[in-house]
Amino acid sequence: MRIAMIGTGYVGLVSGTCLADFGHHVTCVDKDGGKIEGLRAGRMPIWEPGLEALVKANVDRGRLAFTTELAEAVKDAEAVFIAVGTPSRRGDGHADLTYVFAAAEELAGLLTGPLVVVTKSTVPVGTGDKIAALLKEKGAPEGVSVASNPEFLREGAAIADFKHPDRILVGAEDDRARDVLAEIYRPLFLNRAPLLFTSRRTAELTKYAANAFLATKISFINEMADLCEAVGADVQDLARGIGLDNRIGPKFLHAGPGYGGSCFPKDTLALLRTAEEAGVDQRIVSTVVGVNDDRKAAMAGRVREALGGSVEGKRIGVLGLTFKPNTDDMRDAPSIPLVEGLVKGGAEVVAFDPVGREQAQKVLPAIAYAESAESVADGADALVIVTEWDEFRALDLDELAGRMRGKVLVDLRNIYDRADAEKAGLTYRGVGRGRA
């Protein structure tokens, strides 16, 4: 099939590339000429494992193209995906749909026949209805359908998630839309990926509900971590104990500095705003948001406590800045309030992240950046592990201790055992692992 993908951000680029890899002919369009020029030259605007090679392979095979002209992208297309950004609106937490509606309005004037417009962006309930009304108002031809097809991609594992999904969710109001989306995803039927058809509004809400539930698990285990510390229990054993219950499951039960990224923070807020407009109280989700905000704000205090109550004049090495490993995404990363709190307290901060430095420097310009995990330790009074990159899991603790001025390791991801750290001469502070 011929497909147009509006937007070459994280969702649009990964989705368009994977659809091309299924054998479809995909044209990705973006208003940013520099981004399109870079993609044509093989330069990726995001860091995602395996994406660069997959883009190149499908461009070489003639199945994937990039343009700044929407008219060129939608010509002869049977489906057009809208995959533009929907960031939280400043001030009220509502999803900003400016780019979504702008894309729909421009699209309306270019369509010459029936096709399916598919919302891939994460949008509040009722957005598909508004897009359908806008297309009609702006003169789109009869027979144009609007569907919702939310993405469930994890940054750092997006290609695998797209090709081996837990489910494919399609919200559609007519047979044409259902048939077109079924044909687009037919290659995944070989993997027995469940294709779930719902109403458009149900699909839109399901995306928010899924992220809110996962965010709830994270905030829950973080509160349990605080309780574990207070009573001398170990949150990792606790998480295993409850995670082995099939009704609960082990995923998203890893205590740490709180959730961040492009989805959970904005989607939980957008869900709360949707509920507010509908006059429905969402006490659980509201509490989850509050717990997470407090969690991230408290991390600098954990470092202060480990250093005897003050970080003034201390040199602190930070390992990992992105909100999770295998991405360069710094959006709402827990490292931001942590580092800002340390700097405000008078600390000198030096940090290392394997791929996130360029993005980190935009939001944390006042700190120093090291070239390796080992050099972060040079002269440091404390090391703080913030992001659980694989390369941080096997560091030589003896070497790190030898490079440090102080001997404090604050492990906010619990990737080391206390015994191993103490054997290297380090004072260890984990999360939810009782008190030494």
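Begin by selecting aspartate 30, which is found in the loop between strand 2 (25-29) and helix 2 (33-40). The model on display is a predicted one. Aspartate 30 has a relative accessibility of 14% and therefore counts as buried, the cut-off being under 20%.

Display the side chain of aspartate 30 next. A polar contact joins it to the side chain of threonine 8, at 2.8 Å. The side chain of aspartate 30 also reaches the backbone nitrogen of aspartate 32, at 2.9 Å.

Now select helix 5, residues 98-108, and colour its buried residues: Val100, Ala103, Ala104, Leu107 and Ala108. These residues lie on the same side of helix 5 because they cover an arc of only 135 degrees around the axis. Show next the elements against which the buried residues of helix 5 pack: strand 1 (2-6), helix 4 (70-74), strand 4 (79-82), strand 5 (116-119) and helix 6 (127-137).

Proceed to valine 431, in the segment after strand 14 (427-429). Valine 431 is buried, and its relative accessible area is 0%. Which residues does valine 431 touch, not counting residues up to four places away in sequence? Select Ala225, Glu229, Val235, Ala255, Gly256, Arg295, Arg302, Asp411, Leu412 and Asn414 to see them.

Definitions and conventions
Residues numbered from 1 in each chain as written. Predicted model: local features only at pLDDT ≥ 70, side-chain atom pairs only at ≥ 80, totals over all residues. Heavy atoms only, no water. Buried < 20%, exposed > 50% of the residue type's maximum accessible area, 1.4 Å probe, protein only. Helix = DSSP H or I, 4+ residues; strand = E, 2+ residues; numbered from the N terminus. Arc of directions from axis to C-beta. Contact = heavy atoms within 4.5 Å. Polar contact = N/O pair within 3.5 Å; in protein donor to acceptor, adjacent residues only side chain to side chain.
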